[in-house]
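Me: Could you take me through this model slowly, setting each value against the rule behind it?

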Amino acid sequence: MGIYGMVTGKAGKSGFGSASTAEDVTQSIDANHLTAIITGGTSGIGLEAARVLGLRGAHVIIAARNTKAANESKEMILKMNPNARIDYLQLDLSSIKSVRSFVHQFLALNLPLNILINNAGVMFCPFQLTEDGIESQFATNHIGHFLLTNLLLDKMKSSARESGIEGRIVNLSSVAHTYTYTEGIKFDSINDPDTYSEKKAYGQSKLANLLHSNALSRKLQEEGVNITVNSVHPGLVTTNLFRHSGLGMSVFKAMSFFLWKNIPQGAATTCYVALHPSLKGVTGKYFADCNITTPSKFATDKSLADELWDFSIKLIDSLPN
């Protein structure tokens, strides 16, 4: 879309642009037959996506670390839309144990799964290791979602097969994927505090989201599975993600105020990719402002995507179940 489209809100080929809201892009869509999981659905664009999918009739499961906040989000959505079908389950993406527990609880509900929106994330965190000994941004933004997706794939495949409805996986990436380490993903030193950069580590994790999407998309196409996998850049949106940003980010925001979106606009691309009928069969793409756009060279590197996939599997397998 470019800077011009971002500033003016001019619609692209999809008919939508940076000024479109989540309600705009899902207008008249009936999602009553769909069940969706949204990670991080208690605030910001995750909460707005949960609200709008619920508004369109989908049964939404909010996956959240803080169950008190999840319950408050559910009550807020129900207050606005008493007919919404909203539930929540506890999920801490930085914990392999928690991811496995969440999947176990969800499968026990015996629900179909048509849409998985991997929305949650952390940004610009000071260096720290998770309980599993993994750098926190890489663990939360990539490894947690990678494992969650893999553990839910069989349910998504069976739901698509039995219902004939296309499954959709949406991974929240970011334009920040372009600002990463020199090698793209520093496989040999993920957990090295001496070479850690909070901003490059975030970019690395967002690049990992894109690479994961592309690798999974190829694998599912090879299997002939009726599930699409796409990545989205929601745009510049002021949310709780910026709690670790400092003075420099405040100055940047002040200088670039004309590029920033409100939360309904920030959730638009996620909801568009998750629900819009025009995207049937579209997979392995990267979206910004509700239009397909071109990611970085690293993001389209098939060998890097395959290396990340293998690295992620081995890392998870090396941890206690």
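Reply: Let us begin with the rule that two strands pair if DSSP finds at least two bridges between them, where strands (E, at least two residues) and helices (H or I, at least four) are DSSP runs numbered from the N terminus. This is a predicted model, in which local features need pLDDT of at least 70 and side-chain atom pairs count only at pLDDT 80 or more, while totals for chains, interfaces and linings use all residues. Residues are numbered from 1 along each chain as its sequence is written, and side-chain values use heavy atoms, leaving out hydrogens and water.

Me: What order do the strands of the open sheet have?

Reply: The 8 strands follow the order S3-S2-S1-S4-S5-S6-S7-S8, with mixed pairing.

Me: What makes S3 and S8 the edge strands?

Reply: Strand S3 (85-90) and strand S8 (291-293) each pair on one side only.

Me: How do you know that S4 and S5 pair?

Reply: Strand S4 (residues 115-118) and strand S5 (residues 167-172) run parallel and are joined by 4 bridges, and the rule asks for at least two, so they count as paired. Within this pairing, Ile-115 stands opposite Arg-168 in S5.

Me: Which residues line the largest cavity?

Reply: A cavity is a set of points on a 1 Å grid over the protein atoms alone where a 1.4 Å probe fits but cannot get out, and lining residues have an atom within 4 Å of a point. The lining here consists of Asn-118, Ala-120, Asn-141, His-145, Asn-171, Leu-172, Lys-206 and Asn-209, and the cavity has a volume of about 40 Å³.

Me: Why is the pair of Phe-124 and Tyr-202 called edge-to-face?

Reply: Rings of Phe, Tyr and Trp (its six-membered ring) pair if their centres lie within 6.5 Å, and planes under 30 degrees apart count as stacked, over 60 as edge-to-face and the rest as tilted. The centres of Phe-124 and Tyr-202 are 5.5 Å apart and their planes stand at 80 degrees, so the pair is edge-to-face. Phe-124 lies in the loop between S4 and H6 and Tyr-202 in helix H7, 78 residues apart.

How values were computed: 1 Å grid on protein atoms, 1.4 Å probe; cavity = no way out; pocket = protein on both sides within 12 Å on 5 of 7 lines; lining within 4 Å. Points joined across faces, edges and corners; volume = space filled by probe spheres on them.
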